[in-house]
Amino acid sequence: MRQGEISLAGILALFSLYLMWKSAELPIGYMRGQGPGGGFWPFWLSVGMLLSCVAIAWNWWRGKSPASVSDEPLMDSFGWLTVLHVGGGVIGFVALISVVSMYGAVCLFLVYYLRFLGRHSWVLTLVLALLLPVLLFFFFEGAMQISMPQGLPFTQPFFDMMYDIIY
Amino acid sequence: MEVLSFLTSGVLTALEPINLGLILIGVTIGLFIGAMPGLGSVNGVAILLPITFLVPPASAIIFLAAIYYGAMYGGAISSVALGIPGASTAVATTFDGRPLALQGRASLALVTAALASFVGGTVATVFFTLFAPLLATVALNFGPPEIFALMLLAFATFVGLGGDDIPKTVFSICFGLVLATVGFDTISGEPRLVLFDIQGFIRGIGFIVLAIGVYGIGEMLWTIEQTRGEVTTTNPKMTAKGLASDAKEAVQRGWKGTWIGSILGFFVGVLPAAGATPGSLMSYGVAKMLSKTPEEYGRGSPDGVAAPEAANNSASTGSMLPMLTLGIPGSPTTAILLGGMVMWGLTPGPRLFIDESEFVWSLIGSFYISNFAAVLINLAFIPLFIWMLRMPFTILAPLIFVLSIVGGFAASRSMHDLWLIVIFGLGAFFLRKFDYPLAPAVLAIVLGPIAEPTLRQSLLLSSGDPSIFFTRPIAGPITVIAIILILLPAIKMLRSKRRVAAD
């Protein structure tokens, strides 16, 4: 944790510098008759971020934060594996949206999570994985008039069938 | 007496069968829309606006106002049950609502939220009835320096009262404010902070993207990792007797926050461009500041749920005031209501109370009825939301992920934003591991679009002289209080050092 705290502060300080540089693409000072330039506000806020990182590093050096005096690892192997399975599942879910549509991705994600991570029965898994996308379809496309991504063309027959029901 | 007679007639109009029916339907729709992460009152009102052409204008605005009310109640449900603020007005509700749910006291949190919302809405409606024209004049005196001072005060409550690591809190606030500047500079119209030259950033970063990332993904990952997947929300039970005892406890432990939120929320809501979000945040901060047990805040204090919930309902009523009396909308939802009124052939402004008094008083009458209907419908649905929490976490967690992603897309309609949600979620998880408070960043991205233009307009007014924030009669005291709050941790530290040295 100790090493992680200072590494994170370093990464955030670098990001703050990047934001300062990026903000300076627009004027960061006061322009007569026009007021502060477009970069003024984000630039000085990025300076605030950088100074906060310096203060975090100072506290780390003095051992004032809990993480700075902890010898524990950031996460054990179980923690990393959990984050990998769950976080990876969410990344996969979002990646699949452009392929199998939002509703298809919801269905596949629920099968993955409920059956393989949650170890629920196939019956419960399939009921939820099939029912929820259909309910979401009626809520968003029918009631709220919000169109979700439809993925690649092979999903079109499904959408045509569903639109026939709601229109 | 004249007011009473107008009000009686307004209430009677609101109780007509068609209007009462519209109130019940509107509140229920609003409740569910508000409870859905990513959707808020603005979506409900915007989507259902065309339907209102089927009924007279008075019934139409009553229906839309009922949706607005319902959504304000519904925002708390998502904050408590899922831990995701459904709308920016419910961010502060997660601070104590979620811990209560995790302690198995979700019913207490939801009942407190419902009752506080009811009191907030009713108090605001009474203020509205009595002082509408007078307050509209006061609100007009709030220019950019006053609004910026108010924003500063909202952030100061977090630095001064947060209790978290101060540099990390300041980092979080600055980070949220910078994220709010991504996209276009609203004053010069030039693209700004298009990060890594990715074109998706030109559209800016919405509040909901960060909020869903932090609470819907990051917080969930953190909970799963911390509890090794063995999460239960301590199996909350819900009975009629339990509901009554929760109501009693909510009154006993949440009355102070309720009153603070009701009064403060209304006055902040009345200010043009401020609205319910700063109102709820400031009420939370003030309630914590005035509490005898501030250490309970953030760990499941009913007062911490009551203050923002009373405030957001009170402020939503308050924000109708500048809309009706001045034609200035106080929030995005009232902007749509204003558009609706114009379409129905009404002209909002000082003459509305004279020219269209029947319409105005029907609306005010409907506030009382909507509020009453909303609390009853909300309490009736609490067992359903509690049942949701009793699901095994291995079912609830994927449902929350799904609602986060689907709701995130519904709010932004952009795959770029969905990827941002995932990145913010993973980032939030690691920041949380190192005790970076993330709520200030979420608040900052909400308040940033108000804070920046008001700061720049103020400096333009004063030719770059920052003393404008100290010399004006309203902005001055607010700025001074904000600075004292910002310095509070340093003062506390010095005092404790001196005490240690004396010992």
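A nonpolar core is a set of buried Ala, Val, Leu, Ile, Met, Phe, Trp, Tyr and Cys residues joined through C-beta atoms within 7 Å; a residue is buried if 20 or more other C-beta atoms, placed from the backbone, lie within 10 Å of its own. The largest such core here has 202 residues. This is a predicted model, in which local features need pLDDT of at least 70, side-chain atom pairs count only at pLDDT 80 or more, and totals for chains, interfaces and linings use all residues. Residues are numbered from 1 along each chain as its sequence is written, while chains are lettered from A and ligands numbered from 1 in the order in which they are written.

**The core**
- Ile62(B), Leu110(B), Met151(B), Leu210(B), Ala211(B), Val442(B) and Ile445(B) have the most contacts inside the largest core.
- Helix α4 (residues 57-82) of chain B gives the most to this core, with 19 residues (helices are DSSP runs of H or I, at least four residues, numbered from the N terminus).
- The core lies between domain 1 (2-69) and domain 2 (77-166) of chain A, because both give residues to it.
- Leaving aside residues up to four places away in sequence, Ala211(B) touches Ile84(B), Pro85(B), Val91(B) and Val442(B) (contact: C-beta atoms, placed from the backbone, within 7 Å).

**Domains of chain A**
- The domain bounds come from an automatic or database domain assignment.
- Taken over C-alpha atoms, the centres of domain 1 and domain 2 of chain A are separated by 39 Å.

**The contact between the chains**
- Chain A contributes 57 residues and chain B 47 residues.

Technical notes
Contact = placed C-beta atoms within 7 Å. Buried ≥ 20, exposed ≤ 12 C-beta atoms within 10 Å, placed from the backbone. Helix = DSSP H or I, 4+ residues; strand = E, 2+ residues; numbered from the N terminus.
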